[in-house]
Amino acid sequence: MGSFPVSLFSGRWTIICGRPPIPPALQALDLAPRHLALLAHLEYDGPTGVNELAARLEVAPTTVSLMVSELSRPGVLQRDTDPADRRRRIVAIAPAYAAPISERLSGSASAWERVIRGLDPAERATVVTALHAYETALEQAGDRHPNVL
């Protein structure tokens, strides 16, 4: 699929398509679409640094750092020192949350991947643009209704 961000897209579509039930371990966390997009990258691409997450999410590293802090406080994410560069921190999903996050994100991921595979690059770009607009609208709705996912 080339450079198409399937992991990010799958996480967003998990939110949009059917909204699978939220696992009990995640219900009290008040996860916004931006959190689910970050978790999708970590779930599908594995542990990584803040700068890499920022590039994938197309946001500033400071934004990702804030999201990581929000998710680290309740123990959803953990930050470990990179053994190859002790100055760098690697962000990962905490083992206690791995199964519920996987359950939440995997609901529509495989179906979405089959659908997106059949689109040409221009069609994919159109869908990504539409999803960005939809995510913005969801976040605005979430500001008015905090439990909207």
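The legends below accompany an overview and several close-up views of a predicted model.

**Notes for the views.** In this predicted model, local features need pLDDT of at least 70 and side-chain atom pairs count only at pLDDT 80 or more, whereas totals for chains, interfaces and linings use all residues. Residues are numbered from 1 along each chain as its sequence is written, and side-chain values use heavy atoms, with hydrogens and water left out.

**Overview. The protein has 7 helices and 3 strands.** Helices (H or I, at least four residues) and strands (E, at least two) are DSSP runs, numbered from the N terminus, and from that end the elements follow the order α-α-β-α-α-β-β-α-α-α. Of the 149 residues, 41% count as buried, where buried means under 20% relative accessible area, exposed over 50% and partly exposed in between (1.4 Å probe, protein chains only). Among contacts with a separation of 6 or more, 65% are made by residues 24 or more positions apart; a contact here means heavy atoms within 4.5 Å.

**View 1. Helix 3 (residues 50-57) crosses helix 4 (residues 61-72) at roughly 110°, and their axes come within 8 Å.** That angle makes helix 3 roughly perpendicular to helix 4, on a scale where angles under 35 degrees count as roughly parallel, over 145 as roughly antiparallel, 65 to 115 as roughly perpendicular and the rest as oblique. Axes are lines fitted to C-alpha atoms, for helices over the stretch in contact, and angles run from 0 to 180 degrees between N-to-C directions. Helix 3 contributes Val50, Asn51, Leu53, Ala54 and Leu57 to the contact, and helix 4 contributes Pro61, Val64, Ser65 and Met67. By class, the contact of helix 3 with helix 4 comprises 7 nonpolar, 2 polar and no charged residues (Ala, Val, Leu, Ile, Met, Phe, Trp, Tyr, Cys and Pro count as nonpolar, Asp, Glu, Lys and Arg as charged, and the others, Gly among them, as polar).

**View 2. Helix 2 (residues 33-45) packs on helix 4 at an angle of about 90°, with the axes 11 Å apart.** Helix 2 and helix 4 are therefore roughly perpendicular to each other. The contact is formed by Arg34, His35, Leu38 and Leu39 of helix 2 together with Val64, Met67, Val68, Glu70 and Leu71 of helix 4. The residues of this contact of helix 2 with helix 4 divide into 6 nonpolar, 1 polar and 2 charged.

**View 3. Asp82, in strand 2 (residues 77-82), is buried, with a relative accessible area of 11%.** The side chains of Asp82 and Arg88 are joined by a polar contact of 2.7 Å, the term denoting a pair of N or O atoms within 3.5 Å; within protein, one must be able to donate a hydrogen and the other to accept it, and residues adjacent in sequence count only if both atoms are side-chain atoms. A polar atom of the Asp82 side chain also lies 2.9 Å from the backbone nitrogen of Ala84. Leaving aside residues up to four places away in sequence, Asp82 touches Arg88 and Ile90.

**View 4. Asp30 lies in the loop between helix 1 (6-16) and helix 2, and Glu58 in the loop between helix 3 and helix 4.** Asp30, a residue other than glycine, has a positive phi near 55° and is partly exposed at 44% relative accessibility. Glu58, likewise not a glycine, has a positive phi of about 60° and counts as exposed at 61% relative accessibility.
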